[in-house]
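Open the model in your viewer and keep the selection tool at hand. This tour tells you what to select at each stop.

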Amino acid sequence: MLFVSATVYDKTATLLRIHPSGDAKHQITAWSNLDFTCFSGFSTFRVTGQDGEFTDYGMLMGLGIIDTGRMREAMELHGLEYDGPTIPELPDLVDAGPAFVVVGGNAEGMGMDTLKNLHDLYRNEGDRMQEAQVERTRIRKERIDFFLANPPRPDDVTISFWRRDKPQADKDEGR
């Protein structure tokens with residue numbers, strides 16, 4: 001089981017925090033040149049090792065998306081300065097393929113293996129993952145448009161109340 005926190009900045013870089021099996025000693029933090037929103041459509045994947053054996057992974061991913069331009073504008077409206085993240089130099093995805101830079105945690109162990117496996121998965125299935133993300137976005141937009149055009153009518157609400165002849169406190173006073 002993998003626990004992954006992914007914060008995507010401007011759809012060009014992702015800050016990853018990976019906790020394999022929730023174990024802090026194998027935690028790793030890295031910047032990736034991938035837009036991890038394309039990983040949001042599935043929760044399991046299989047990795048085949050060099051020995052031909054495979055491992056199934058279950059992934060629970062928290063995903064945040066930040067548009068630094070919009071964030072800067074919103075902060076400036078309130079007289080504040082936006083201090084965005086310092087993103088290390090990452091190779092261009094189109095030219096170099098999936099790449100990452102480790103910035104913290106244990107670079108030897110399950111966290112690093114997971115980081116490599118996620119990038120290998122994208123290297124092998126990235127086109128399909130992007131197509132699936134585009135389709136999920138299209139379906140989501142269609143649903144929103146449908147509900148905006150056809151808002152559901154709420155059911156009528158019935159409130160029932162009963163008048164009491166005498167409050168309970170008054171009944172006890174006469175004894």
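**Before you start**

This is a predicted model, in which local features need pLDDT of at least 70, side-chain atom pairs count only at pLDDT 80 or more, and totals for chains, interfaces and linings use all residues. Residues are numbered from 1 along each chain as its sequence is written, and side-chain values use heavy atoms, with hydrogens and water left out.

Helices (H or I, at least four residues) and strands (E, at least two) are DSSP runs, numbered from the N terminus.

**Stop 1: helix 3**

Select residues 110-149. This is helix 3, with 40 residues. Its end C-alpha atoms are only 49 Å apart, whereas a straight helix would reach 58 Å at 1.5 Å a residue. The expected span is 1.5 Å times one less than the number of residues.

Where is the kink in helix 3 centred? Go to E125: the kink there is about 80 degrees. The bend at a residue is the angle between axes fitted to the seven residues ending there and the seven starting there.

Now colour the buried residues of helix 3. They include G111, M112, L118, Y122, G126 and Q133. Buried means under 20% relative accessible area, exposed over 50%, and partly exposed in between (1.4 Å probe, protein chains only).

**Stop 2: the largest pocket**

Select K11, D35, T37, S40, I65, Q133, R136, T137 and R140, which line the largest pocket. Its volume is about 290 Å³. Which element gives the largest share of the lining? Helix 3 does, with 4 residues.

The search runs on a 1 Å grid over the protein atoms alone; a pocket is an open set of points with protein on both sides within 12 Å along at least five of seven lines, unlike a cavity, where a 1.4 Å probe fits but cannot get out. Lining residues have an atom within 4 Å of a point. Grid points are joined across faces, edges and corners, and the volume is the space filled by probe spheres set on the points.

Centre on Q133, in helix 3. Q133 counts as buried because its relative accessibility is 19%. Not counting residues up to four places away in sequence, Q133 touches T37, C38 and S40. Contact means heavy atoms within 4.5 Å.

**Stop 3: D10 and K11**

K11 brings you to the loop between strand 1 and strand 2. D10 is in the loop between strand 1 (2-9) and strand 2 too. Check the backbone angles. Phi is near 55 degrees at D10 and near 60 degrees at K11. Most residues other than glycine have a negative phi.

Are these residues buried or exposed? D10 is partly exposed at 35% relative accessibility, and K11 is exposed at 61%.

**Stop 4: N33**

Select N33, in the loop between strand 3 (28-32) and strand 4 (44-48). N33 counts as buried, because its relative accessibility is 5%.

Show its polar contacts: pairs of N or O atoms within 3.5 Å where, within protein, one must be able to donate a hydrogen and the other to accept it, and residues adjacent in sequence count only if both atoms are side-chain atoms. A polar atom of the N33 side chain lies 2.9 Å from the backbone oxygen of G97. The N33 side chain also reaches the backbone nitrogen of A99 at 2.8 Å.

G97 is buried, with a relative accessible area of 16%. Leaving aside residues up to four places away in sequence, G97 touches N33 and D92.

**Stop 5: F42**

Move to F42, in the loop between strand 3 and strand 4. F42 is partly exposed at 27% relative accessibility. It touches M59, L121 and M129, not counting residues up to four places away in sequence. From F42 to M59 the C-alpha distance is 8.1 Å, across 17 residues in sequence.

**Stop 6: the ends of helix 1**

Finish at helix 1 (residues 68-77). D67 caps its N-terminal end: a side-chain oxygen lies 3.0 Å from the backbone nitrogen of G69. Just after helix 1, G79 takes a positive phi of about 75 degrees.
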